[in-house]
Amino acid sequence: MHTESREINLLTPSRNLPLYGKRILVTAPRNYAYRLSEQIIKKGALPVFMPTIETCYLSKYTQLDAALARIDEFDWIIFTSRNGITAFFHRMNDLNIPTSAVEKCHLCALGKDAESLLSFCGKVDLIPTEPSPAGIVAELAKLPQIHEKKVLIPAPEVVGLSEPDVVPNLITDLQQLGIKVTRVPTYITQGLDKTIYGMELNLMREGIIDVIAFSSTAEVESFLTMVNSQSDYEHCVIACFGPYTTANAQKLGMNVSIVARDYSSFEGFAEAIAAFFTLTSSSD
């Protein structure tokens with residue numbers, strides 16, 4: 001029996017695709033932007049790149065190196081992003097620490113990030129059903145003697161922006177379970193200078209951009225430093241990758257129209273954007 005694949009055939013005429021001709025502003029950092037763009041291109045959209053933040057390696061590794069030197073003391077290592085996984089294992093490699101050093105630790109990653117974790121060390125012990133910090137807490141709360149455990153969280157050092165509440169709230173929730181949490185800066189998240197985006201900002205102000213796609217709170221915060229006022233983006237539909245980014249965008253005064261229900265991968269984000277316009281066109 002033939003079953004139709006969810007994958008869009010790239011030989012399909014673009015006019016037949018749900019996001020045909022839509023220009024979507026991608027604010028994700030470079031290392032995420034291409035992955036999101038691939039998914040929206042498959043739906044017929046035209047990505048416009050405007051990374052509002054960038055992620056990069058630390059300038060000082062004092063705290064991370066100290067944690068790596070006593071890695072066997074931790075029961076769990078909880079990764080909240082693919083960037084954290086990459087930077088963590090790259091530093092281990094720089095210090096000639098074998099990946100076997102984490103064999104005694106339980107490792108946790110969110111959604112598709114687990115694939116990255118597997119590629120670095122060949123193991124992942126927990127992928128929460130809900131791919132979010134709340135999902136991590138819910139799963140750990142079920143474990144016996146979890147209050148006796150020590151957890152390491154490789155986290156971003158946020159520079160030039162106010163830190164989103166995602167990691168601090170995760171730490172608080174874990175501590176309320178009685179867990180001893182060590183947070184260690186592993187990579188840098190910083191805003192970018194708006195002067196490099198004159199053309200992209202003008203496209204937005206002229207109403208040529210249809211959607212602004214945010215995949216994290218930091219992207220939203222940095223974006224808001226680049227615009228003069230809400231009128232700059234009032235013609236754009238705001239799309240957010242999951243409920244946490246959505247809630248924080250709304251706190252910052254944004255009217256969010258699209259929320260990805262499946263936020264374990266960018267495929268789900270592209271699906272949500274496509275579904276919005278499919279529904280909009282059918283109701284017109």
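**Reading pockets, cavities and helix packing**

Modeller: Start with the largest pocket: its lining residues divide into six nonpolar, five polar and two charged. Ala, Val, Leu, Ile, Met, Phe, Trp, Tyr, Cys and Pro count as nonpolar, Asp, Glu, Lys and Arg as charged, and the others, Gly among them, as polar. This is a predicted model: local features need pLDDT of at least 70, side-chain atom pairs count only at pLDDT 80 or more, and totals for chains, interfaces and linings use all residues. Residues are numbered from 1 along each chain as its sequence is written, and side-chain values use heavy atoms, without hydrogens or water.

Biologist: Which residues lie nearest the centre of the largest pocket?

Modeller: First the terms. On a 1 Å grid over the protein atoms alone, a cavity is a set of points where a 1.4 Å probe fits but cannot get out, while a pocket is an open set with protein on both sides within 12 Å along at least five of seven lines; lining residues have an atom within 4 Å of a point. Here, 13 residues line the largest pocket, and Asn31, Thr55, Tyr57, Asn83 and Thr86 lie nearest its centre. Helix 1, strand 3 and helix 3 each give two or more residues to this lining. Helices (H or I, at least four residues) and strands (E, at least two) are DSSP runs, numbered from the N terminus.

Biologist: What is the volume of the largest cavity?

Modeller: About 850 Å³. Grid points are joined across faces, edges and corners, and a volume is the space filled by probe spheres set on the points. The lining has 36 residues, with Tyr32, Thr80, Ser81, Ser215 and Ser216 nearest the centre. By class, 17 are nonpolar, 13 polar and six charged.

Biologist: Is serine 81 buried or exposed?

Modeller: Buried means under 20% relative accessible area, exposed over 50%, partly exposed in between (1.4 Å probe, protein chains only). Serine 81 has 11% relative accessibility, so it counts as buried. Serine 81 sits in the loop between strand 4 (76-78) and helix 3.

Biologist: How do helix 2 and helix 3 pack?

Modeller: Two packed helices are described by the angle between their axes and the distance between the axes. Axes are lines fitted to C-alpha atoms, for helices over the stretch in contact, and angles run from 0 to 180 degrees between N-to-C directions. Helix 2 (residues 62-69) and helix 3 (residues 82-94) pack at about 70 degrees, with axes 11 Å apart. They are therefore roughly perpendicular (65 to 115 degrees; under 35 is roughly parallel, over 145 roughly antiparallel, the rest oblique). Leu64, Asp65 and Leu68 of helix 2 meet Phe88, Arg91 and Met92 of helix 3 in this contact (heavy atoms within 4.5 Å).
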